[in-house]
Each structure stands twice: as C-alpha cells, then as structure tokens.
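Let's take a walk through this structure together, one spot at a time.

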Amino acid sequence: MELQQYPRRSKPALSPTLAELLKRVDDAQSDTSSYSTPVHHHQVLDLGYACSSMPPSNPFVLSFNNLMYSVKVGQKMSFPICGKDSSLGSSEPASMKVLLNDISGEAREGEIMAVLGASGSGKSTLIDALADRIAKDSLKGSVTLNGEVLESRLLKVISAYVMQDDLLFPMLTVEETLMFSADFRLPRSLSKSKKKARVQALIDQLGLRNAANTVIGDEGHRGVSGGERRRVSIGIDIVHDPILLFLDEPTSGLDSTSAFMVVKVLQRIAQSGSIVIMSVHQPSYRILTLLDRLIFLSHGQTVYGGSPGSLPEFFAQFGHPIPENENRTEFALDLIRELEEAPDGTKTLVEFNKSWQAMKKPKNRTSNASKLSLKDAISASVSRGKLVSGASNNSSLTSSVPTFANPLWTEMMVISKRSFLNAKRMPELFGIRLGAVLVTGIILATVFYHLDNSPRGAQERLGFFAFAMSTTYYTCAESIPTFLQERYIFMRETAYNAYRRSSYVLAHSLISIPSLIVLSIAFAATTFWAVGLDGGFSGFCFFFFTVLSAFWAGSSFVTFLSGVVSHVMLGFTIVVAILAYFLLFSGFFISRDRIPSYWLWFHYISLVKYPYEAVLQNEFHDPTKCFVRGVQMFDTTPLAAVPLSLKLKMLKSISSTLGMNITSNTCVVTGTDVLRQQGITDLSKWNCLWVTIAWGFFFRILFYFALLLGSKNKRT
C-alpha cells in the first residue's frame, strides 16, 4: 500500500480557542461542588472544524539552531548515566560523549513536528533541550520563539511537557483527574461552571467520553485502557491550552489504532493554535499523514529535516530511492541503521542533508517568518483566549502570563481535596496503620497491666514509656511509600508550575494531622488507664498530646527522608536504623550522665528523647508519691531473697549508721528521685513537648528544601 493512498488534507482553519468555546457556554449553568458531571446533563462543545476561527496572521515559530550537548562518560562505559560521571572507581580519565551535535530546525504553530530515530539517537534529548530540561550551562546553541530567546520562567508558563510514562493517580476517574488539573491550571477567577465546561470539552476532544467515569486503575485495580491512559496524560497537561506542547514518545507501548488516535488528538491540539513537538520511534502509514515536519536523528546528528512529502525526493537525490510500496519512515530508518554499521557511519547522509537544506532554505524558511515580537504574539494569543491563566492583555509580558494560575491557599485546598479523595478510595492504607497502633497498644496494655508503685513497677514504667514512644516513630515508617508513589507525579506537576512546592508541603502537612489525631487517641486510650498511669484526666490529656507530638515528629521525619531517598526498601532501611539509634541514645538504656562525651550530641538530637522525658515527668512529677519504702530498697538487689526479719534488722543497722529512723514504711525513693536517677533535669515536660513539635516543623522545612533542590527535573 502506498502512502499516497492516505492523501494529506489541506490544512483546515484553526479550531476554536478556549475563550471562544467558553463564550458558548451558558454562564447560568448551575455550579455544583461535585467533580462528577452526568453524561446526560452534559452539553457537548463542538471542537470540530465547523466551528473554526480564522488563523492568526502571525503564527508562533519555535526555532532552534546549532544545539550541542555532551556528557561525561567513563572509558569502560558505553553509555552516559543521567549526565553523571560513570567512571567511579576507574583510574582511566572520563571522556565526552556527544548526544546532540549541531541540531537546527523550526516548528510552527498549527503543525506537528516529529523527531524520529533509533534508540539512543538523541530523540528524547532533543525534546528535553527544546523544553528547557537541560541546564543552560550544558546546552550550547539557541532556542527562540518568534526570534526571541525563551526565558525559563516564561517557557514554563506557555508550555507543557508530557512524559513517556503515564504518571496518574490510579483511584481517580478520568473526569476527576482532568478536573483537578483544571483547578490547578485555570485561575480562581474562572467560575466553576466554566472550568467544568473546559474539562467536558477536553474529554470530547481527547475521545474519552465513554471512559469519563472510569478510574485510571493500576496493577491491582482494573481501569482505562493504555491508549485512554495516554490521552489522559496529555489532557492534564493541555487543560490550560498551552502554546508549546512537548511529548516524549506518546505512542510508545500502544497498538496501532490507539497510537493513531493519540496523534489524531495531537493534530487537533496543534490546529487549535499550538506548536506540537514529539518524539516517535516508528510511525505507521496513517500516523505519517498527520505529521507536518520530520527530523531524523542518528547519534545526535540530523540526517533529514523537512516534510514527510519530501522524503522520496530527498532519498532519490541521495541515491537510495524509496520503493513504491515501501513505508517511507521504515525505509529511512532501515537505511540509517545500515549506514550506522558502515565504517564511515552516516557522515555522507549528514553532509548531504546540510547541502539539501541549504538548497531548500531560500524557498521554505524565510517566507513565513513571524513579524510580531514575542511579547506582542503572546499578548495577542492571550486576547484570543489562549493560555487561560487569568491574564489580561496589557503591555507587560510578565503580568500577562503569571507564574502560577492560583494563589497558595487555593492550591493547598485542591491538593488537600485530591489527597482526601485518594485516601477515601483506599481506606485499607489507613486501616492497616490504625490496626497496627491498636494491636501494639493492646499488647502493651496487657503486658504492663495495672503497674503498682513498687520499685519493679517504677522500672517497668520506664520500659513501657521507652517502648511506647519508640513505637510511635516506627509506625510512621509505614508512610514512606506515600510520597515515593507521588514523587514523579509531583515532579511532573511542579516542573511546569501547576502549583508551588510550598503549597504541596503545607497541604501534605495539614492533611496528615487528622489521621495522626485518630492514631494518638487510639493509642492513648488503649494504654493510659490499662497500665495505670498517674495524673487522672489532665495526665491523660498531656499523655495524648505527647503521643500526638511524637507521631507528628515521626511523620515529618519520615516524610523528609522520603523526599531524599528514591527507593522504598532503601528508605525503610535508613528509617529503621536511625530510629534504633534514636532509641539507644534516648536515655532509657543509658542515662545522659553515663553517655560518652563524644556521643552526647546524638542524645540531644534523638527524637525519642523529648517525648520520653515528657511522659516520664508527667508520670513521676509528684514528689509525695513514693516508689520505694523501707525494706523495698532491697527488692532490686541480691538481698531480695533474704527473710523479712533480716531485712528489718538491716534497716535498723542502716538507721543507726545514718543517724535517722528508717522503718518499713519510710519513703526512700519518690518520683522526683526517679527522674533524677534518669538524668531528666534539663527541660520541663512542657518544654519537651514543644521541642518535639518543633522537630516536626523542622523536618517539614527540610522536606521543602529537599523538594526544591531534588526536583529540578533537568539534565546537567
């Protein structure tokens, strides 16, 4: 079958922009708080060509010239690893590997530009370079929009990047996923009804109407198909109608029909006034008819750049004409692969492409150059409804395209609502954690049931408090996978300013508090009265707040580590080890006075120390409460086994020696004496409580900086 059997349609007028669509929406439409909109109440917004508007006379043009990018790689390694020096442990010097070598080209509004090549040819690297995902110091060359260099801040606002992996919350429906994205991307000034209208129009544009109320799904939950999942991934990044759309192999892993539908959606997006640039491994016949510009890469060099229709002419002049019934892209890729295996590689094809481009340049590249400046072009695009960011069309470019669409508190509300919805759909996660706390509490309550005020009772209280406080931290380790599962979703959403990192940290902190309160009440109520702790109701309240502060500090500590460590098992190993050290230096196994001076610093940074000392002071604060009377002083010594009469004689002997009367009822050790023996003299119980709470805030701040520094999402 010849490619000509799929004739390329003449380019239709551009599809309506979002502003034009929204004008057709009934503003009086009722605004409900639910994200779900029944299909039978839905008013379909036609995105077809019948409603098309006149294309702009000065379209956007993205140009890139002489792009060069190299990474260090060890001599023994055949590939670079994320731009890092992979020659660790090798005495041989590192060499440079060129990933992009003098790449030039342009992409225009209303068109799809596809980057093709074999694995390792540099497709994803080129997409990353154009999307500003490579550090400026490492990338040589220029990337301009309408002739002006794009600043990183502006590019984040006017563009979107769709990763190769579908990073979605599995328990949200398609409609809910897109609605949350709209809440992040679209401004607060836009009414809820218009946001819903945008989402419904987007669902129709993506061909997801039948799957709108189906959950995304994962390995354990049946959900949408692979092609639908990919279209949802595209939809969440284009809900704000970006000018530039970058996609890394959007058809990877899809069957031919699903892949064609995805590219068909991209064609509609391009025709609505966007520049679409994507990498693709090997497009089919039908997909090729939807593409406007192609760039073939081989080892980081351009071996062809032009329209699909020019491929036969190009390879015919090169001396390798494409057979009549051959797939053009398959032929080109096979030829490139054969040349790569030859001694001279693709050098001849690269040189021929340069001469062929120079010959074609006067006819193609300069005739349609945009005459508008970047500021004017973006302002004109905003006035037509592109980039729905709440911007007004004014003379200031920075004010017309704000960095974030919504204020911080709005972002926090949306993040919190999404998190609560996810938790509601997966109640087993919190249920398992609550069950672990209850089981631990019941075991402690039965083991330490109704402790008396004897010397052994005092010692057993110390053991109970040490185990109870350390348990609160260990149960927090179960939340390690929470952020690790969201890490890449978070990186995708914040890379292009869907919301602030500070909003995520604050919302993450606030939504954790209700669950911590429930866990604290369950643990305190299970153990306090069963063990027979002192203080009555006020003592219980302080015990509850201490347990809550320990949960808060432990949750914050684990959250911080999850922002630093990228692997679940590694995270568990680190958390368990550090918590063991915290318990060791808490003061239970060895008092502060006996800790070697060179380890004393660890005692003061131990998270277990402060709640442990707080509950001890809450229990032993009463100086009139006695724990050792008369002969009981022998109970913890080898003399405990001697007869009572002999113990009384020893008391008389001790009394005469000390010059004081000690009887069997004389109080020898009070609660304050127990505290003194444990070395708890520095801080009051309330200060210990505040320090524990402060540790929680400290680790939340560290979590923020970990996200700030660790989620740059750029190659070096």
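Leaving aside residues up to four places away in sequence, Glu228 touches Leu208 and Ala211. The model you're looking at is a predicted one. If you want to find Glu228, look in helix α6.

Rolling a probe the size of a water molecule over the atoms shows where empty space is left. How many cavities of 30 Å³ or more are there? The count comes to 9. Let's go to the largest cavity, which holds about 160 Å³ of space. It is lined by 16 residues, and the closest to its centre are Ser181, Ile236, Arg418, Arg492 and Glu493.

Which helices each supply at least two residues of that lining? They are α4 (174-185), α6 (226-238) and α17 (480-495). Helix α4 gives the largest share, with 5 residues. Sort the lining of the largest cavity by class and you get 9 nonpolar, 2 polar and 5 charged residues.

Now for the way helices pack against each other. Two packed helices are described by the angle between their axes and the distance between the axes.

Next, move along to helix α16 (residues 455-476) and helix α20 (residues 568-584). The axes of these two come within 11 Å and cross at roughly 155°. Because of that angle, α16 counts as roughly antiparallel to α20; the cut-off is over 145 degrees. The α16 and α20 crossing is right-handed. Who makes the contact? From α16 it's Ala466, Ser470, Tyr473 and Tyr474, and from α20 it's Val576, Leu579, Ala580 and Leu583. By class, the contact of α16 with α20 has 7 nonpolar residues, 1 polar and no charged.

Our last stop is helix α22 (residues 609-620) with helix α25 (residues 685-710). Here the axes come within 8 Å, and they cross at roughly 155°. That angle makes α22 roughly antiparallel to α25. Is this crossing left-handed or right-handed? For α22 and α25, the crossing is left-handed. Helix α22 brings Tyr610, Pro611, Glu613, Ala614, Gln617 and Asn618 to the contact, while α25 brings Lys685, Cys688, Val691, Thr692 and Trp695. Split by class, the residues of the α22 and α25 contact come out as 6 nonpolar, 3 polar and 2 charged.

Technical notes:
Residues numbered from 1 in each chain as written. Predicted model: local features only at pLDDT ≥ 70, side-chain atom pairs only at ≥ 80, totals over all residues. Heavy atoms only, no water. Axes fitted to C-alpha atoms, helices over the stretch in contact; angles between N-to-C directions. Helix = DSSP H or I, 4+ residues; strand = E, 2+ residues; numbered from the N terminus. Parallel < 35°, antiparallel > 145°, perpendicular 65-115°, else oblique. Left-handed = near helix turned anticlockwise from the far one by under 90°. Contact = heavy atoms within 4.5 Å. Nonpolar A, V, L, I, M, F, W, Y, C, P; charged D, E, K, R; others polar. 1 Å grid on protein atoms, 1.4 Å probe; cavity = no way out; pocket = protein on both sides within 12 Å on 5 of 7 lines; lining within 4 Å. Points joined across faces, edges and corners; volume = space filled by probe spheres on them.
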